[in-house]
Structure formats: C-alpha cells, structure tokens
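User: Please show me the structure, and then let us discuss its parts in turn.

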Amino acid sequence: MSIPKTQFGYGYDKRYKTIQKFDDIPIPSVGANELLLKVEAAGLCLSDPHTLIGGPIELKPPLKTSDKFIMGHEIAGSVCKLGSELSKQQDSKFKIGSRFALQINFCCGDCEMCRKGLDGACTTTSQCYGLNEDGGFQQYLLVKNLRTLLPIPDNVSFEDAAVCTDSVLTPFHAIQKVKHKIQPTSKILVQGCGGLGLNAIQILKNYNCHLVATDLKPDIKSTALKYGANEFYNDLSKSNHEPQSFDIIFDFVGIQPTVDISNKYLKKRGTLSMIGLGKFKLVMPNYLFALREIEVFYNFGGNSIEQIECMKWISKGLIKPDVTIVDFKKLPQALEDLVNDKVRGRVVFRPNKL
Ligand SMILES: [Zn+2]
Ligand SMILES: [Zn+2]
C-alpha cells in the first residue's frame, strides 16, 4: 500500500471561528507501539460547530490544548501501517487492513471509572479525537492509544461504524441507563428527531414500547414513523395526549421549551433523560419535579463496551443509521448546512475517496 508523504484536512485554529483547511500536512511517522489508520469514514456532528465557536474540551495539565488540530470525532478506518513492535506480534488483532471504529475519548483502563467498565467517563485523561486532539477529517490518523480501536463486524460498513461512535452510542448509552423501566405498556416521548433522536427511535423500537416523537420540522415526520415512532407531532399540545401521561421522556434538544414540555407531560415518578446540549444552563422546575418525584438523568457519550454492542445491533439489522455521504472537499459547506438546520440524518465523509 503506498502512503503519500503529505495530506490535507480540516480543523480548528484558535484564531478563527470557522473550520480551516490545512494543506500539505506531513503524514506522521509511526512509533514502535503505534499504528497509522487510513480514515475510511468520518462523521459530522453538531459538536463540531460548538467546538469552533466555544473552543475545544480543555486538556488536563500537564497536557496543553493545542491551538490547532484536525477535527472529526466519529472515525472508522483500516490499518495501513504498523509500528515496529506491533508488526512483530504474530497473533495480534492489529494487522494491515484490519477494520476499526475509534472510541472518541482516550481512556486509561486503570482508574476507578475504567475498571468499572465506565471508560467513557475515564477520570485520568481528557483527550478526545477531533475535539482536542487530531481526528478524522484527514486521510491518515496516527493512533497512539490502541485501547481506542474497536473492531468493526464484517457486515457493518465504515460509514455506519463511524456514526456508531457518537450518534448511535450516545442515545444507546442514555437508553441503557433507563431500560429497566421500559415495559410494553410504557409511553415514551422522544423530543428532537435529528441524527441522535432518529437513532434513539430505532433503538427504542426494539423495546416494544409506545413511541411518540416530536420535532419542529414537519418534513421529518415520515422518517420518524419509518424508523419506528408510533406517532409524530410538531406540537404535542395539539395531540390527544394528556398532561402527565408519559413514563419516560428523552430530550435530544436541551432548551427551555423542551424542558417545559417534559415538565408538562411526565407522569408521577416519571423519568427525564437529558441528552441534547442546546443551552448551557436550563431552569429545572424544582418544586414540581419534587412533588411528582421525577427522576432526571444526564448523559454524555458512552462506554466502549456499549459501542461494541451498538455495532452488533447494526450487524444484526436491529438498527440502521441514517447516513448521507458527502464529498470530503465539500466539508465546509456541509458544516454550514448543519448549522443552518438543512441536514437530515448524519453526514459522513470518505477522506480517501476523492
Ligand atoms: Zn459528536
Ligand atoms: Zn480511566
């Protein structure tokens, strides 16, 4: 396999609020226990514009957040070069051509959270591909932390595996936390049918509950119903659903109006699962939630064992992420479309198919 000497990519530069194109980036040399991943698919996420405007996730000292890095945190690829030590190992899972999806956050494997299997909440390291370290919006990515490489089942595409790392994993993780509360008679509301909300509907469909979905965009109705929602509304107050009639509400928006809707429609001892990060701060109705003993869960990303499980669900056909492949060179335009709410499902680039 011939690997070029330089490549181009898109990323963060502290001086600007828009994504920058970086040309003639040298392909990194591979250390003894490292490998080079050919990026086969990289997904675009709303966290990308958030990073450009709000800045990257701060690295824990002594590491210093770089002023410039390649973005893209939903990454899948194939191994194209092994470090000298890795290439000596006969029975290694790391072979040229092996297919992997990356766990976004680097984890140590040794802290209390990692040892509990909650490695998405590792307390030792704060490094994340594409969010404060080089990510997937380039052709070749140096992988130093081999723990982040999760094997892709043979019948799962690179595109599906890439979006699995975040837009499937995040709702999957949130649902795993409350799944013991879901029964066939449960009435569940999904607020927000963007990439994550639509994947949540597909996952929840497998729990055989009654699913109601809402979104302000009328054109998303047919997709939400196709993916398994039993009902769809732009405005729940125009439906027949009574206040305080839902068992669980998933909020994929995270703005004050969606919190207020959850307050209106959750029944006594109901469950609110917050995923959307629309607003930095929200007013939770303290007294009203207390009276009804509402249980509130907050979520961020997920764990590697859940990511592996998500890929199995895709492999078995239980979920099929909604992926749109866009020309890598049109990345800045796709980012603008995402910000302007013109994107449906998940945009994925293939940086090596130009
Ligand atoms: Zn993301
Ligand atoms: Zn850890």
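User: In S11, which residue is the bridge partner of Thr214?

Analyst: This is a predicted model, in which local features need pLDDT of at least 70, side-chain atom pairs count only at pLDDT 80 or more, and totals for chains, interfaces and linings use all residues. Residues are numbered from 1 along each chain as its sequence is written, while chains are lettered from A and ligands numbered from 1 in the order in which they are written. Strands (E, at least two residues) and helices (H or I, at least four) are DSSP runs, numbered from the N terminus. Strand S10 (residues 210–214) runs parallel to S11 and is joined to it by 3 bridges, and the partner of Thr214 in S11 is Tyr233.

User: Which strands are the edge strands of the open sheet?

Analyst: The sheet has 6 strands in the order S11-S10-S9-S12-S13-S14, with parallel pairing. Two strands pair if DSSP finds at least two bridges between them. Those that pair on one side only are strand S11 (231–233) and strand S14 (295–298).

User: Where do the buried residues of H1 lie, seen down its axis?

Analyst: A residue is buried if 20 or more other C-beta atoms, placed from the backbone, lie within 10 Å of its own, exposed if 12 or fewer, and partly exposed in between. In helix H1 (residues 47–54), Asp48, Thr51 and Leu52 are buried. Their directions from the helix axis to the C-beta atoms fall within an arc of 95 degrees, so these residues line one face of the helix.

User: Which residues are exposed on the other side of H1?

Analyst: The buried face carries Asp48, Thr51 and Leu52. On the other side of H1, the exposed residues are Ile53 and Gly54.
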